[in-house]
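Please take a moment to look over the sequence and the model below before reading on. The paragraphs after them lead from the whole chain to a few of its parts.

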Amino acid sequence: MTAKNDRVVLAYSGGLDTSVAIGWIGEQTGREVVAVAVDVGQGGEDLEVIRQRALDCGAVEAYVADARDEFASEYCMPALKANALYEGKYPLVSALSRPVIAKHLVRAAREFGAHTVAHGCTGKGNDQVRFEVSITSMAPDMDCISPIRDLSLTRDVSIAYAEKHNLPIETTKHNPFSIDQNVWGRAIETGFLEDLWNAPTKDVYVYTDDPTYPPLPDEVVITFDKGIPVKIDGRPVTPLEAIQEMNRRAGAQGIGRIDMVEDRLVGIKSREIYEAPGAIALIEAHQALESVTLERMQRRYKRGVEQIWGELVYEAQWYSPLKKSLDAFIEDTQKFVSGDIRMVLHGGRATVNGRKSDASLYDFNLATYDSGDSFDQSSSRGFIDIYGLQSKLAAARDVRLGESSGY
């Protein structure tokens with residue numbers, strides 16, 4: 001029996017690779033393995049079944065954490081406030097879940113006396129970086145290993161090992177895709193999708209129905225309080241419930257399908273398919289509310305911050321000092337982002353058609369072109385003269401020095 005401080009905490013999914021990794025780690029390192037499964041709303045098998053499978057595969061302890069509410073409130077909601085879309089499209093489905101999973105891995109390692117954390121990532125993906133940087137940011141004294149990356153645990157080796165040891169895991173069914181999912185969305189890659197010319201087939205999608213043949217339009221009113229959805233159609237909801245309901249309603253309309261080639265952190269371009277109906281619909285609604293509650297320069301500056309925030313989270317910097325500083329700025333912008341957004345969900349689109357807020361900066365009497373207009377139009381002449389003065393002076397200089405653009 002090895003000492004407790006020689007234990008390895010393994011991020012356990014219940015699948016082939018991490019099931020095989022339990023015994024493989026023991027054989028290669030001589031250490032006991034504690035399996036940790038974290039529920040971030042991925043669905044699929046019951047976590048108690050997964051916990052028992054880990055024990056049956058040789059884990060000395062198996063720990064299950066229900067982190068769905070935590071993930072929705074402390075990770076998805078900051079992403080919503082940031083309107084976070086990596087490269088303008090990807091709502092950080094997997095990137096957001098890695099820090100919370102890492103948090104529970106570190107917590108379990110402390111509890112079970114482990115100084116090494118293991119994960120099932122390959123050496124080509126982003127998640128290896130996200131897990132290890134998150135873990136060492138919280139626990140700089142801990143080490144990280146990856147059996148697939150570090151011990152050459154390829155799929156054919158995994159299948160042979162599982163069959164030899166009669167592990168309680170299906171090894172013959174072939175799934176052409178690599179899939180990661182949680183309540184914020186679903187990521188699909190590999191298989192025939194690696195050929196950029198191949199269109200996704202119907203079996204790729206689970207969270208969304210085909211938008212080509214949608215049901216009748218679905219009108220929804222989302223109420224926000226300081227950037228967080230708190231009611232849907234007048235019914236109070238938690239952040240988790242808001243995401244779940246919008247996943248269901250927007251997903252039924254085929255909203256949130258994304259097909260993109262993204263730049264991975266490790267330098268590889270990767271073709272990714274995402275489904276994020278709730279995330280995309282909520283971000284669309286949140287942006288619409290910000291358009292009427294944020295001051296012009298504040299909103300313009302925030303768009304740049306949002307891009308950097310999304311890149312930091314994508315690139316494993318959830319716990320970085322810069323990301324924490326940007327969090328403070330984004331949180332400050334949300335103090336007046338409260339009100340109602342009405343939108344129609346239909347045929348793959350979430351279209352905003354109504355906005356209402358007590359903190360709105362929209363003034364009907366200033367905006368109207370009808371009678372009752374309170375805007376003093378005579379002020380515009382002097383404003384234009386001053387606003388265009390620098391450009392006017394520069395143009396006159398160009399003409400004087402023979403540098404006229406020829407317009």
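What follows begins with the chain as a whole and then turns to particular helices, loops and residues.

The model shown here is a predicted one, and its protein chain has a secondary structure of 14 helices and 14 strands. Taken along the principal axes, the C-alpha atoms of the chain fill a box of roughly 85 × 55 × 45 Å. Of the 407 residues in the protein chain, 44% are buried. When contacts between residues at least 6 apart in sequence are considered, 73% of them join residues that are at least 24 apart.

Just after helix 2, the chain reaches Gly58, which takes a positive phi of about 115 degrees.

Positive phi values also occur in residues other than glycine. One of these is Asn83, whose phi is near 45 degrees, and which has its place in the loop between helix 3 (68-81) and helix 4. Asn83 counts as buried because its relative accessible area is 5%, under the 20% that sets the limit for a buried residue. Lys226, in the loop between strand 8 (218-225) and strand 9 (228-232), likewise has a positive phi, of about 55 degrees, although it is not a glycine. Lys226 is partly exposed, with a relative accessible area of 48%.

Ser94 lies in helix 4, which covers residues 93-112, and Ser94 is buried, with a relative accessible area of 6%. Leaving aside residues up to four places away in sequence, Ser94 touches Asp127, Arg130, Asp180, Asn182 and Ala187. Ser320, by contrast, is found in a loop, the one between helix 10 (296-314) and helix 11 (321-333). Ser320 also counts as buried, at 9% relative accessibility. A polar atom of the Ser320 side chain lies 3.2 Å from the backbone nitrogen of Lys323.

The axes of helix 8 (residues 239-252) and helix 9 (residues 277-293) come within 7 Å of each other and cross at roughly 100 degrees. That angle makes helix 8 roughly perpendicular to helix 9, because angles of 65 to 115 degrees are counted in that way. On the side of helix 8 the contact is made by Ala242, Ile243, Met246, Asn247, Ala250 and Gly251, while helix 9 contributes Pro277, Gly278, Ala279, Ala281 and Leu282. Sorted by class, the contact of helix 8 with helix 9 has 8 nonpolar residues, 3 polar residues and no charged residues.

Definitions and conventions
Residues are numbered from 1 along each chain as its sequence is written. This is a predicted model: local features need pLDDT of at least 70, side-chain atom pairs count only at pLDDT 80 or more; totals for chains, interfaces and linings use all residues. Side-chain values use heavy atoms; hydrogens and water are left out. Axes are lines fitted to C-alpha atoms, for helices over the stretch in contact, and angles run from 0 to 180 degrees between N-to-C directions. Helices (H or I, at least four residues) and strands (E, at least two) are DSSP runs, numbered from the N terminus. Angles under 35 degrees count as roughly parallel, over 145 as roughly antiparallel, 65 to 115 as roughly perpendicular and the rest as oblique. Contact means heavy atoms within 4.5 Å. Ala, Val, Leu, Ile, Met, Phe, Trp, Tyr, Cys and Pro count as nonpolar, Asp, Glu, Lys and Arg as charged, and the others, Gly among them, as polar. Buried means under 20% relative accessible area, exposed over 50%, partly exposed in between (1.4 Å probe, protein chains only). A polar contact is a pair of N or O atoms within 3.5 Å; within protein, one must be able to donate a hydrogen and the other to accept it, and residues adjacent in sequence count only if both atoms are side-chain atoms.
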